[in-house]
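Work through the exercises below with the model open. Try each task before reading its solution.

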Amino acid sequence: MITQDSKVAFITGANRGIGFETAKGLGELGITVVIGARDIAKGEDAAKRLRGLGIRAEAIHYDATQDQSADAAFAYLDRNFGKLDILVNNAGILKEQLVGGNNSSSVSKEILQDTFQTNLFAVIELTQKLLPLIKLAPAGRIVNLSSILASLTLHSMPDSPIDPAKGFAYNASKSALNAYTIHLAHELRETNIKVNSAHPGWVKTELGGADAPMEVADSGKTSVRLATLDETGPSGGFFHEEDTLPW
Ligand SMILES: NC(=O)c1ccc[n+]([C@@H]2O[C@H](COP(=O)([O-])OP(=O)(O)OC[C@H]3O[C@@H](n4cnc5c(N)ncnc54)[C@H](OP(=O)(O)O)[C@@H]3O)[C@@H](O)[C@H]2O)c1
């Protein structure tokens, strides 16, 4: 049997927000958590707070905009653990208005490039780099932090609750991330590895803003669930808590 306390998880952007809550939730199950933070001082501080709760936590530098960051993460995880059970691709940015805007005719190349770099290209690069270590774990789990705003089905329905939230770069980066979830899950379908997309909820973080209904303390649930699916669990899906979301 694979025990939780034999597992190690790497969570990007885990010094605050949903990533921190995910690290806390996984750590409370006994899993060793490695926090990826672009500001290592903030990462160390987060790891210290988790250790204060009795969680095995450490921090490493990880910046989605730096080419050598994925290599450094691989080297650290390989040297210290020799495998990776759980990868939570959580770091993400939103550089547009969340609600009430549609910038499709005006969004700049810079916003598109920055958003896709962090929310998509870096996720693919890191996942590809860490996959050999995930394959060495008995039952690897990959969780991609998507958003309900990724849903093309809901965006194309005028009466859907997300209809007014049409920041193009963010939404399209998450739709493309969902495509990566489906494609990678398909490639890995004969393995023990499961790959899923998570919508955490609309959360009162710096990214989600003060109007969001979900408290930060509740925001790690979906990622923790997908990171700890047993062998009967789904792969290649898109979930919020127990619910399946439309692509
Ligand atoms: N909040 C919501 O309502 C909501 C809804 C759906 C999906 N999501 C997704 O959930 C994930 C977490 O969001 P959140 O609300 O927790 O956001 P947040 O509070 O703004 O935190 C974002 C985290 O990502 C890190 N980050 C940003 N750019 C980075 C980079 N270049 N390299 C490494 N780390 C970077 C931040 O680090 P710093 O502290 O250094 O800035 C921070 O740790 C994102 O992927 C987001 O798209 C959020």
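Predicted model: local features only at pLDDT ≥ 70, side-chain atom pairs only at ≥ 80, totals over all residues.

Residues are numbered from 1 along each chain as its sequence is written, and side-chain values use heavy atoms, with hydrogens and water left out.

**Exercise 1.** Describe the shell around the ligand.

*Solution.* 
- Start with the shell: 29 residues surround the ligand, each with a heavy atom within 4 Å of it.
- Among the closest are Arg16, Val203 and Thr205.
- Sort by class: 11 are nonpolar, 13 polar and 5 charged. Here Ala, Val, Leu, Ile, Met, Phe, Trp, Tyr, Cys and Pro count as nonpolar, Asp, Glu, Lys and Arg as charged, and the others, Gly among them, as polar.
- Now check side-chain N or O atoms against ligand oxygen atoms. Tyr170 gives a distance of 2.6 Å. For Asn15 the distance is 2.8 Å.
- A polar side-chain atom of Arg38 lies 2.7 Å from a ligand oxygen.

**Exercise 2.** Compare the class make-up of the linings of the largest pocket and the second largest pocket.

*Solution.* 
- Take the largest pocket: its lining has 21 nonpolar, 15 polar and 7 charged residues.
- Turn to the second largest pocket: its lining has 4 nonpolar, 3 polar and 4 charged residues.
- Name some of the latter: Lys7, Arg141, Asp230 and Glu231 are among the residues that line the second largest pocket.

Conventions: Polar contact = N/O pair within 3.5 Å; in protein donor to acceptor, adjacent residues only side chain to side chain. 1 Å grid on protein atoms, 1.4 Å probe; cavity = no way out; pocket = protein on both sides within 12 Å on 5 of 7 lines; lining within 4 Å.
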